[in-house]
Amino acid sequence: MKSMTGFGAATAPLGARSRGSLSVEVKSVNQRFLDLKLSLPKEYVVWEGEVRKLVQDRVGRGRVEIYVSRSATSGERPRVEIDEELARAYVQQWRVLKRKLRLAGEIDLALLRGIPDLYRPRESSAVPERERSVLLRALSTALAEFDRARAREGAHLATDIRRRIDTLETLSGGMAERAAASREDARRRIAERLRELLDDKVDESRVVQEAAFQAERGDVTEEIVRLRSHLGGLRDLLDSGDGVGKRIDFLLQEIQREVNTVASKSSDLRLTQLAVEAKGEVEKIREQVQNIE
């Protein structure tokens, strides 16, 4: 079982021809579905599809952010291009202005040096194909570290959830015992009340039958049986591997429903208290499950 929170990083050299290195960072937080955000150097945008697939094969849910940075020098001298057409247009307009305003002086290079639009750095040669494999290897290394971090956090979450399942099983056992006792108490109270209301002028067997019927309406035995079954299923899910977050969340809804039914049907103070304690434990598990993939 894995958490949706994790971090991983890796650095790899680009090679002899492109001196420098490539760095990859992977981090994530909980999210209901997979939300993948990529930040790649413009030279690597052509490989974005491969990067996405590699991440999607490893991650099922969460907001995942991938940051890739490239620091490289090709060994080539930097080159600058001059926009000759634009320079010619400037010179021509200066000559027109000089003639119209009858200005003195010569038009020379000093006038052109202060115009930044005339100069363009020449784009470096294309990124070599070998950097694709460097990128994918570095990303795989970062994702492996990212997975280890999520697995460690997932193990901690599983330990805490198992402890709370133990508590819920203890509470359900207490509810079962109290429900059996309270059912007999309810029958006795209802029978006594019926005798008082009817002034002992009714058949005793009829009183007992009616008391049993009324007591059964508040019986929570079936709910407790289903609750225990769901708790067993929850424990099995924790041991079934990763990708169980949604299934655990669904099962917790069923557990919460059974506990709520017990609390609403109960007329016994101690049984109600046990149900309230169980609701608190279920809510704590649901908070933890929000971070499980």
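User: Is Arg 150 buried or exposed?

Analyst: Arg 150 is buried, because its relative accessible area is 0%; buried means under 20% relative accessible area, exposed over 50%, and partly exposed in between (1.4 Å probe, protein chains only). This is a predicted model, in which local features need pLDDT of at least 70 and side-chain atom pairs count only at pLDDT 80 or more, whereas totals for chains, interfaces and linings use all residues. Residues are numbered from 1 along each chain as its sequence is written, and side-chain values use heavy atoms, with hydrogens and water left out.

User: Which residue forms a salt bridge with Arg 150?

Analyst: Asp 147 does, with the closest N and O atoms 2.7 Å apart. A salt bridge is a side-chain nitrogen of Lys or Arg within 4 Å of a carboxyl oxygen of Asp or Glu. Asp 147 is also buried, with a relative accessible area of 11%. Both residues lie in helix H4, 3 residues apart, about one turn of the helix. Helices (H or I, at least four residues) and strands (E, at least two) are DSSP runs, numbered from the N terminus.

User: Which residues are linked with them in a network of salt bridges?

Analyst: The network joins Arg 150 and Asp 147 with Lys 2, Arg 58 and Glu 293.

User: How many salt bridges are found in the whole structure?

Analyst: The search finds 26. One of them pairs Glu 169 with Arg 235 at 3.0 Å, N to O. That pair links distant parts of the chain, since Glu 169 is in helix H4 and Arg 235 in helix H6, 66 residues apart. Glu 169 is partly exposed at 33% relative accessibility, and Arg 235 is partly exposed at 23%.

User: What about Asp 57?

Analyst: Asp 57 forms a salt bridge with Lys 53, their closest N and O atoms being 3.0 Å apart. Here Asp 57 is exposed at 54% relative accessible area, and Lys 53 is exposed at 51%.

User: Back to helix H4. What does the side chain of Glu 131 contact?

Analyst: Glu 131, also placed in helix H4, makes a polar contact with the side chain of Arg 70 at 2.8 Å. A polar contact is a pair of N or O atoms within 3.5 Å; within protein, one must be able to donate a hydrogen and the other to accept it, and residues adjacent in sequence count only if both atoms are side-chain atoms. Glu 131 is buried, with a relative accessible area of 0%.

User: Now the packing. Which residues touch the most other members of the largest nonpolar core?

Analyst: They are Met 1, Met 175, Ile 248, Leu 252 and Ile 255, in a core of 32 residues. Such a core is a set of buried Ala, Val, Leu, Ile, Met, Phe, Trp, Tyr and Cys residues joined through side-chain atoms within 4.5 Å. Helices H4, H6, H7 and H8 each supply at least two residues of this core, and H4 gives the most, with 8 residues. A second, separate core has 24 residues, including Val 51 and Val 134.

User: And the overall fold?

Analyst: The protein chain has 8 helices and 6 strands. Of its 293 residues, 35% are buried.
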